[in-house]
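Dear colleague,

Please find below the structure I am handing over to you, with its sequence. My findings follow directly after it.

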Amino acid sequence: MIELIEKLTFISGNKHKFSEIQSYFKEAKLSIKLENQDFKMIEPQVDSIESVADYKLNSIKEKIDGSYFIEDAGFFIDELRGFPGVYSAYVNRTIGNQGILRLMRNVKNRASRFVSIIALHIQDNPETFIFKGTVNGKVANEIKGNLGFGFDPIFIPNENPDYTFAEISTKKKNLISHRSRAVHNLIEFIK
Ligand code: IMP
């Protein structure tokens with residue numbers, strides 16, 4: 001039996017993600033109070049972002065009061081067998097978008113996707129609830145646009161095939177983004 005959630009904490013140091021998630025909650029007119037708390041968590045070396053999110057969520061169970069959730073995302077390129085995937089943050093910091101384009105030079109199959117996983121812990125409930133959102137697209141041939149963050153300048157979503165994520169407004173990106181879809185699934189569950 002799941003108790004009514006009155007307050008929910010988003011565990012993340014990423015203010016950009018928090019304000020994005022806050023706006024989805026506002027749109028959904030939920031009566032839940034959404035808070036943000038930063039908490040340094042260890043990134044485990046595992047093969048899927050579901051496992052990363054599950055591990056991180058459980059690693060802080062004893063340290064956080066109430067109900068809370070985390071969000072973890074990754075960029076997956078088919079021709080590179082899912083790389084950078086769980087290593088997305090590290091790869092973005094190191095070789096960056098130029099490095100990915102170098103790896104993809106002369107590669108015909110440019111199919112790729114962003115995946116977002118939300119892991120939710122409800123107070124006094126031993127279960128971990130997982131919500132997923134995906135956006136499919138292609139790796140661009142060149143860096144384009146200066147909006148957004150991370151791999152946005154080299155990702156062209158199939159639903160908006162003339163522009164990279166970094167060339168469209170946040171509002172437009174939010175309509176189709178992996179994160180908005182994962183949050184939407186979380187909101188439907190809460191409702
Ligand atoms: P995180 O661990 O959830 O912050 O995501 C891992 C990495 O994936 C980030 O450091 C970004 O490089 C990339 N990433 C996640 N979401 C997005 C997005 O919406 N646009 C571009 N890159 C993203």
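Please note at the outset that this is a predicted model. I begin with the backbone, then turn to the nonpolar cores and the salt bridges.

**Backbone**

Most residues other than glycine have a negative phi, and most peptide bonds are trans. The peptide bond between F83 and P84 is cis, with omega at about 5°, and P84 belongs to strand β4, residues 84-85. K29, which is not a glycine, has a positive phi of about 55°; K29 sits in the loop between α1 (15-27) and β2 (33-37) and is exposed, at 74% relative accessible area. N106 is not a glycine either, and its phi is positive at about 65°. N106 is found in the loop between α4 (96-103) and β5 (111-121) and is likewise exposed, with a relative accessibility of 76%.

**Nonpolar cores**

The largest nonpolar core has 22 residues, of which L8, F25, F69, L120 and L186 touch the most other members. At least two residues of this core come from each of β1 (7-11), α1, β5, β6 (128-139) and α6 (178-190). Helix α6 gives the largest share, 5 residues. Which residues does F25 contact, leaving aside its neighbours within four places in sequence? They are L8, L30, L34, V183, L186, I187 and I190. There is also a second, separate core of 16 residues, which includes I100, V135, V139 and I168.

**Salt bridges**

The count of salt bridges comes to 13. One of them joins the side chains of K7 and E35, at 3.4 Å from N to O. Because K7 is in strand β1 and E35 in strand β2, this pair ties together parts that are 28 residues apart in sequence. K7 is partly exposed at 41%, and E35 is partly exposed at 26%.

A further salt bridge links D72 and K56, whose closest N and O atoms are 2.6 Å apart. D72 lies in strand β3 (residues 67-77) and K56 in helix α2 (residues 49-59), so the pair ties together parts that are 16 residues apart in sequence. Are these two partners buried or exposed? D72 is buried, at 10% relative accessible area, and K56 is buried, at 8%.

R113 and D78 also meet through their side chains, at 2.7 Å from N to O. This pair links distant parts of the chain, with R113 in strand β5 and D78 in the loop between β3 and β4, 35 residues apart.

With kind regards

Methods: Residues are numbered from 1 along each chain as its sequence is written. This is a predicted model: local features need pLDDT of at least 70, side-chain atom pairs count only at pLDDT 80 or more; totals for chains, interfaces and linings use all residues. Side-chain values use heavy atoms; hydrogens and water are left out. Helices (H or I, at least four residues) and strands (E, at least two) are DSSP runs, numbered from the N terminus. Buried means under 20% relative accessible area, exposed over 50%, partly exposed in between (1.4 Å probe, protein chains only). A nonpolar core is a set of buried Ala, Val, Leu, Ile, Met, Phe, Trp, Tyr and Cys residues joined through side-chain atoms within 4.5 Å. Contact means heavy atoms within 4.5 Å. A salt bridge is a side-chain nitrogen of Lys or Arg within 4 Å of a carboxyl oxygen of Asp or Glu.
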